Amino acid sequence: MREQRVAGIRRLVDALNASRDESGEHVRAILKISPEEWDAWLAAHPRARNLFTFRALIDEASMQEEHEPQVSLALSQFVLRHVDRLEPAPELAMFLLFLRGDAWRVHASALRYAGDLSGALRAYETAAEVFRADPVALPELVAAERAAAFTRHQLGESGEPQRIIRASFEVFAAHNHTADLVRSLIFDGAIDFDEGRYEDARHAFTEAMRLAESLDDVVRIAALHTNLGHCAQLLGDREVAAHHLTRALHLYEQHGMIAARPRALWGIAQLAADEGFIDAAVAEMETIAVELLEIGVPLDAAVARLDALEILVMTGRNDRVAAAAADLVAMFTAGGMTREALRALAFVGERAAAGALSSEVVDDARSILRRLSQASSS
């Protein structure tokens, strides 16, 4: 049985190598037309209806899920509409299983980035069900269950999601899936951070950093520097926070990760405020808010503006508070915010106009925005 499986894998590798160029051409052709035309294009190009083209499409969807979630959604939906109609040779049955499971997993991630957490949870659970059909897919099954668990945390469930995530550590370590172990540690730390256990979060992020550095995963390393900086900040260790945040900023700028840059700058601005550099901190936070709005994350942008507004309130800059609050409401009314978020901002503006804005009012609004942001992102 083992020899047959090895022989089947070799045939699969040969088939993949032979089909790579043609599959790439099919993907490029599909991306040149609108999603509404894809089904008709596939019907007109029967050679493209195969495992290898669909694998290439899912790989493309995976690359797009964070930055272009709607493109990722369309690609994964397209593959899921057609993949079950394929009838591959027996030696490609395992390849079909992994393709179906990955299609559901990518579809779930795209839904999560698009803000549909309930839909994402259902898709992750479907991916897990697909992978559960063969013991060989155990790491993939555990990865899908872990992603579903973190989504349940984002939907407000406590306790069980973190237990599932921690149970994945042993599986990934045993199978030498270091990148998956890094992701599990990040999820674990994120839950601790969300629930105010900053020292526990720092421990998880530190272990994730050690492993990410062994993989030379610059994207994860930069994000973990940001996470560790925020942990240190909330634990009162400003020197360590400054080290991590400036290191994150350097990596973001060095490797062109512009969208992530404001998150490190945000922490640095808060450190400046803690050190008494009020005007500089407020100006930096306002700049960060503009950058966040430009890259399409208005909820995070509004939180940055509220942070700046709270600094003005707490330092008695009453002459600037009302104008800053009014500008806040106008800015995000034009920025396409949700109704619930705009109501929170409008209340802040009303209290400021009446000269009765307090740190507590700002904090309540910020809590609403952070909850909405968490419900619509990773």
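Start with the aromatic rings: a search of the whole of this structure, a predicted model, finds 6 aromatic pairs.

Select Phe54 and Phe78. Their rings are 6.4 Å apart centre to centre, with 85° between the planes, an edge-to-face arrangement. Phe54 sits in helix α3 (residues 51–64) and Phe78 in helix α4 (residues 69–82), so the contact ties together parts 24 residues apart in sequence. Both side chains belong to buried residues: Phe54 has a relative accessible area of 1%, and Phe78 has 0%.

Next, select Phe193 and Tyr198. The ring centres are 5.2 Å apart and the planes meet at 65°, so this pair is edge-to-face. Phe193 is partly exposed, at 24% relative accessibility, and Tyr198 is partly exposed, with a relative accessible area of 24%.

Now move to the largest nonpolar core, which has 58 residues. Select Leu306, Leu309, Val348, Leu357 and Leu369, the members that touch the most other members. Helix α15 (residues 298–314) supplies the largest share of this core, 11 residues.

Finish on helix α15. From first C-alpha to last, its 17 residues reach 24 Å, close to the 24 Å expected at 1.5 Å a residue. Of those 17 residues, 15 are buried, so α15 is largely enclosed by the rest of the structure. Following the helix is Gly316, with a positive phi near 75°.

Key
Residues are numbered from 1 along each chain as its sequence is written. This is a predicted model: local features need pLDDT of at least 70, side-chain atom pairs count only at pLDDT 80 or more; totals for chains, interfaces and linings use all residues. Side-chain values use heavy atoms; hydrogens and water are left out. A nonpolar core is a set of buried Ala, Val, Leu, Ile, Met, Phe, Trp, Tyr and Cys residues joined through side-chain atoms within 4.5 Å. Buried means under 20% relative accessible area, exposed over 50%, partly exposed in between (1.4 Å probe, protein chains only). Helices (H or I, at least four residues) and strands (E, at least two) are DSSP runs, numbered from the N terminus. The expected span of a helix is 1.5 Å times one less than its number of residues. Rings of Phe, Tyr and Trp (its six-membered ring) pair if their centres lie within 6.5 Å; planes under 30 degrees apart count as stacked, over 60 as edge-to-face and the rest as tilted.
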